[in-house]
Amino acid sequence: MLTPTHSSAVNCGQNIFIGENNYTYIRSPDFPQNYGDNLNCEWIIQSPPNMRIKLTVLTFSLESTRNCYYDNLSLYDGKYGTQKWNKTGRYCRRNQLTTTFSSGQFMKLSFKTDSSINNRGFNIRVTAECGGYVTGSSGQLTSPGYPNLYPANKNCVWKIRTRPSTKMRFQFVDMDVNSTEASCSQDYMILRNGDNSNSPFFLINPHQGSSEQNGHLCGSFLPAITNTSSNLLFVKFVSDATGSGRGFRLLFEEIRNGCGGRILLTNENSEIDISSPNYPNSPDPETECEWIVHGLPGKKVFMDIERLDVKYTSRCTLAGLEVRDGGSQYSNIIGTYCRDPPHTLESTDNILYIRYYTNSNSPNNGFKEGSFVFSFT
Ligand SMILES: [Ca+2]
Ligand SMILES: [Ca+2]
């Protein structure tokens, strides 16, 4: 069933697209002979939407040192299915690198060697598997092989993610999942309100009465259009050994959460309080809001920060309040604050850009989300 996408090994670095039901290999240069000195190779791998990348390590033999400083293979995962790289590891020792999945559609491998002592290198098989992060302001998710019959024995987990500070509306437009409809125990789907296997079920099975809902979906009747309570949706699809169907097609789109926006200050309305969502309670995880505040022509915009309480990190990487002297994210920065902000800030002209953000992706991670209030005069 699998067909090779390349007849021979790819060389020192390449962009690779790995399709469904295909495979290829990433090999160190000259494999199975020893690799050379002073190499710097980079491979970027992309899988189809709704799939993630699987690396299976067949051979791995580098100059082996404690911290892998001399020769190494580094792996980078594309965060949330994008090409924002998260370094996941640096490897050089035998058995140190095992079967690895990307979190979404993208992965990067970087191979570096120094000027002495070489080994055979590596031979890694690359395939695409169902599941992973699906990121976008809207999009669709389909079962493997859709609209053809889905394969047996699949277990796919997707995490759909729209932009921070939005919620999501999702809708099934096709569903043909082969199971006994009452219990959905053969082939089924599970949807959860969040991004992990502990998030609460969506109990939206149209075949099941309210007391029978078990979190499983199957059959051919479409569940109602539903909203999530954050920007995250967990979707699982399971098929057993026999009996199949077309599967499903699910559409999603983000809906605004009501944070941020444009504010016009006028003579009658010269002071406005704004705050983080849910203030004085914590906002949803991974909240991001932008405000653009316009003053009257020729008048400055003042901003009083009455209270700022966000998770402190150096450079405010996790959370903060960013203020810019102008009307966009590219305007000159006035400051980014996550502790002890100045009491008053002011614009040069009559416009101020304000961004509030937190990068906590789990509501249960134990840190206190920020809250603040400020006003303009
Ligand atoms: Ca070396
Ligand atoms: Ca089945």
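Ground rules. I am working with a predicted model, where local features need pLDDT of at least 70, side-chain atom pairs count only at pLDDT 80 or more, and totals for chains, interfaces and linings use all residues. Residues are numbered from 1 along each chain as its sequence is written, and chains are lettered from A and ligands numbered from 1 in the order in which they are written.

Confidence. I checked pLDDT, the predictor's confidence in each residue, from 0 to 100. The protein chain averages 87, and 92% of the residues score at least 70. Residues 1-10 have a pLDDT below 50, with 19 contacts in the model beyond near neighbours in sequence. Residues 362-377 are also below 50, and that stretch has 55 such contacts. A contact here is two residues whose C-beta atoms, placed from the backbone, lie within 7 Å.

Overall build. The C-alpha atoms fill a box of roughly 75 × 65 × 35 Å along the principal axes. Of the 377 residues in the protein chain, 36% are buried. My cut-offs: buried is 20 or more other C-beta atoms within 10 Å of the residue's own, exposed is 12 or fewer, partly exposed is in between, with C-beta atoms placed from the backbone. Among contacts with a separation of 6 or more, 76% join residues 24 or more positions apart.

One open sheet. I traced five strands in the order β11-β13-β18-β15-β16, with mixed pairing. The edges are β11 (132-135) and β16 (216-217); each has a single partner strand, so one side of each is left without a neighbour in the sheet. Pairing needs at least two bridges between two strands by DSSP. Inside the sheet, β13 (residues 155-161) runs antiparallel to β18 (residues 232-238) over seven bridges. I found Arg 161 opposite Leu 232 in β18.

Another open sheet. This one has five strands in the order β20-β22-β27-β24-β25, and the pairing is again mixed. At its edges I noted β20 (261-264) and β25 (332-337), each pairing on one side only. Neighbouring strands are turned by 20° against each other on average, direction ignored; the axes are lines fitted to C-alpha atoms, and angles run from 0 to 180 degrees between N-to-C directions. I also looked at β22 (residues 288-294) and β27 (residues 351-358), which pair in the antiparallel sense over seven bridges. Glu 288 faces Tyr 357 of β27.

Most residues other than glycine have a negative phi, and most peptide bonds are trans. Where did I find exceptions?

- The bond from Phe 31 to Pro 32 is cis, omega near 10°, and Pro 32 sits in the loop between β3 (22-27) and β4 (40-46).
- The bond from Tyr 146 to Pro 147 is cis, omega near 5°; Pro 147 is in the loop between β12 (138-142) and β13.
- Asn 21 has a positive phi, near 65°, in the loop between β2 (14-17) and β3. Asn 21 counts as exposed because it has 12 other C-beta atoms within 10 Å.
- Ile 117 also has a positive phi, near 60°, in the loop between β9 (106-112) and β10 (121-130). Ile 117 has 14 C-beta neighbours inside 10 Å, so I logged it as partly exposed.

How values were computed: Helices (H or I, at least four residues) and strands (E, at least two) are DSSP runs, numbered from the N terminus.
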